[in-house]
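Student: I have a model open on screen. Please walk me through what its labels rest on.

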Amino acid sequence: MMMKNAQNAIFLSSSSSLSSFFFVFFYSFFFFFSKAVAAQQQQQQLEQQQQQQQLKSKKPVIKTKYDVDYSPDIGWLTGRGTYFDASHEWKTKYFAHHEFGYLETNGCGYTSKKYAQREPKSLPFAVSRSAVAALADFEMKSSCGQCYEVKCDDNETKIRKSFRRNDFIEYNDNYTRFQQNKNARDSNGREIQNTTFPPAEECFDDDEGRTKLCERTTCYDRDKTLFIQIIDICPCDYIYGRQEICCGDIPHFDLSFWAFESLAHPLQGKMNLLFRPVDCVTKQPLDAREGALAHVRKNKNGDEYYVYDGKTPVGFAPGWRFRVWYDLQSDPAVEGKGKNGGFGACSEVNSTGTMAAACLGCENNILPFSVNGDSTMMSLRIQINDDGVIDENCENLSFLSIGLEKRQDRDATREYSETPCAKSIILNESESVSITRDGDGGCVVKIPVHVFECKRASVNANTIFLSYDYPNTRKEVCLGEVKLY
């Protein structure tokens, strides 16, 4: 019995030792295994963080219609150009059958109007007619105020219809009237030089499987560049129908006649272009990969976004149009009526009137009233001129009200619409509004955007309007600076 108990004790002792061994073994195994897994997970997290940091440090890759093979290292992008408006001689002597349009009635509203003096509309004083254009909406619906550097490109002499291989515009003399006007002279007295008669050449159409005669262009100087600012729009589909030349994948610039003839003879009608977006103030190239965002004008710290800053001849920052109702006279850029004596957008009214800044389509690209998705403040510098004298009484602006709304242009699929936000703000009557003098004759009005209560259909408003209501009183109202922050 004692022997059997001893054996059992030895067996239990051995079992206990063996259990302890396996326990220590498996514990150590799981400890080191868990540690290895944790180290691996930590390494993966570190690699993911590094990848995210690298992505943040890179420029955004945004798909645009600039070019099928665009590389920012190339710098210049492929486009096409025509022209609108023209000299009186060109319109009447050579192409009386054409409708050329007028620079002064541009879609961006960059027009000086003086109804009281019964003077015809004109471009703002500082705007040169030889440095403006209309632009097809390949980046955003409103390219108003954007700036580009362009040059004629006859390395490919045939005029491109699209980016597809061997897709060029067919020559049609019934439209160009070249044979009738081949000795036509431009504004500088120049005839077409170094080109064939007519300005066309054979090309093979891949889609149609045939050889045809295609339009061609010869540049005056392919190295000459021109800085232009967009003052009009060139919509593909709009209220009057379809403008085929403004459609397609090639960015299309409808240059002013005077801009076009500085690069190529206007009798040719079209040209291949090379272009790049530039800063309107510094004229330095912008990163085209950012699309419309590249043109947004901000302060040095990048935390204030301008609607109007008066730094260019049209006054408005890129994207914004000028609209005025019931005005006696108006101008988007009057020198001396803005901040520090700069440009101001002015409207002279009697009893009632409204002026507005609209960035149609911007709500889909740059969210004008939402910077990085956060609610913003809006600041407006307002200057009141009474019979030529600045009225610095900022405590009596209750005849002015400010509102926001969502506007939609009419196009091929949608009707024109205006959806105002729930509230408009009467100045000097709202506790949410701050009004101070700026020491330069202006009143600086600051309003939180949320007080306008833009909800439902008016969410992402794209229009600011300033309304005047002062019965039997005539005043000039000027906006010298408008910004969001």
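**Salt bridges and burial**

Tutor: Start with Asp186 and Arg190, which form a salt bridge with their closest N and O atoms 2.9 Å apart. This is a predicted model, where local features need pLDDT of at least 70, side-chain atom pairs count only at pLDDT 80 or more, and totals for chains, interfaces and linings use all residues. Residues are numbered from 1 along each chain as its sequence is written, and side-chain values use heavy atoms, with hydrogens and water left out.

Student: Why is the contact of Asp186 with Arg190 called a salt bridge?

Tutor: The term needs a side-chain nitrogen of Lys or Arg within 4 Å of a carboxyl oxygen of Asp or Glu. The closest N and O atoms of Asp186 and Arg190 are 2.9 Å apart, so the pair qualifies. By this rule the count comes to 26 salt bridges.

Student: What makes Asp186 count as buried?

Tutor: Buried means under 20% relative accessible area, exposed over 50%, and partly exposed in between (1.4 Å probe, protein chains only). Asp186 has 6%, so it is buried. Arg190 has 29%, so it is partly exposed.

Student: Which residue does Arg164 bridge to, and how accessible is Arg164?

Tutor: Arg164 forms a salt bridge with Asp167, closest N and O atoms 2.9 Å apart. Arg164 is at 49%, so it is partly exposed. Asp167 is at 6%, so it is buried.

Student: What does the salt bridge between Asp309 and Arg297 tie together?

Tutor: Its closest N and O atoms are 2.9 Å apart. Asp309 lies in the loop between strand 13 and strand 14, and Arg297 in the loop between strand 12 and strand 13, so the pair ties together parts 12 residues apart in sequence. Strands here are DSSP runs (E, at least two residues), numbered from the N terminus. Both Asp309 and Arg297 are buried.

Terms used. Helices (H or I, at least four residues) and strands (E, at least two) are DSSP runs, numbered from the N terminus.
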